[in-house]
Amino acid sequence: MMNIETIAPCINYYTDVYDASLFIQLIEEESSKSWPRLEWERSRTGTGQVTVTNDYRSSLSMNLSPIMVDSELIEMNDVREEFVSVWKKIDECVHDYRRCYDLFLTQHEQMSVLKYEDGAEYKAHWDAGGPEDRVRTLSMVAYFNDDY
């Protein structure tokens, strides 16, 4: 059962939303294939630049778009189904938050998964940079494990 705690003004903390262990297992299996549809790559900044070790982000990133774009790939069906289950639960949290704060949102950025290996970090940063960036109304982080 999902628990919700407001820890500061406009900051809600949702726990026990979904057990994503099967999803993690499936994307790791797919990424380890010799010709994977999903791959880990160095994370990028908001400008699209690959980050370097002295940058604020030293994680790996996986774009999840191929799961939905290549919907006819039968070998991806189990990953896609698990992703849809994860997305539905995340969407419940977003809708709850929107309801709490009367937000009207019309779009979202692509979904990706970040992986932090030993020593990787995400330093303090702003979610929106220069004037060419979109104005961000809502930022969300979903942890798929307890050992972050």
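These legends go with several close-up views of a predicted model. Local features need pLDDT of at least 70 and side-chain atom pairs count only at pLDDT 80 or more, while totals for chains, interfaces and linings use all residues. Residues are numbered from 1 along each chain as its sequence is written, and side-chain values use heavy atoms, with hydrogens and water left out.

**View 1. Three strands make an open sheet in the order β3-β4-β5.** Helices (H or I, at least four residues) and strands (E, at least two) are DSSP runs, numbered from the N terminus. Two strands count as paired if DSSP finds at least two bridges between them. Strand β3 (residues 41-42) pairs with β4 in the antiparallel sense over two bridges. Four bridges join β4 to β5 (residues 112-115), again antiparallel. β3 and β5 sit at the edges with a single partner strand each, so one side of each has no neighbour in the sheet.

**View 2. Here are the residue pairs across the sheet, with serine 61 of β4 facing glutamate 41.** Arginine 42 stands opposite leucine 60, also a β4 residue. Over in β5, leucine 114 is the bridge partner of serine 61.

**View 3. The largest nonpolar core has 17 residues.** A nonpolar core is a set of buried Ala, Val, Leu, Ile, Met, Phe, Trp, Tyr and Cys residues joined through side-chain atoms within 4.5 Å. Buried means under 20% relative accessible area, exposed over 50%, and partly exposed in between (1.4 Å probe, protein chains only). Phe23, Ile27, Leu38, Leu64 and Ile67 have the most contacts inside this core. The elements giving two or more residues to the core are α1 (21-31), β4 (60-63) and α3. Helix α3 supplies the largest share, five residues.

**View 4. Leucine 64 touches Phe23, Phe83, Met111, Ser112 and Val113.** Touching here means contact, with heavy atoms within 4.5 Å, and residues up to four places away in sequence are not counted.

**View 5. Valine 86 sits in helix α3 (residues 77-101).** With a relative accessibility of 3%, valine 86 counts as buried. Leaving out residues up to four places away in sequence, valine 86 touches Tyr18, Phe23 and Phe144. Valine 17 is 69 residues away along the chain, yet the C-alpha atoms of valine 86 and valine 17 are separated by 9.0 Å.

**View 6. Tyrosine 13 lies in strand β2 (residues 11-15).** At 36% relative accessible area, tyrosine 13 is partly exposed.
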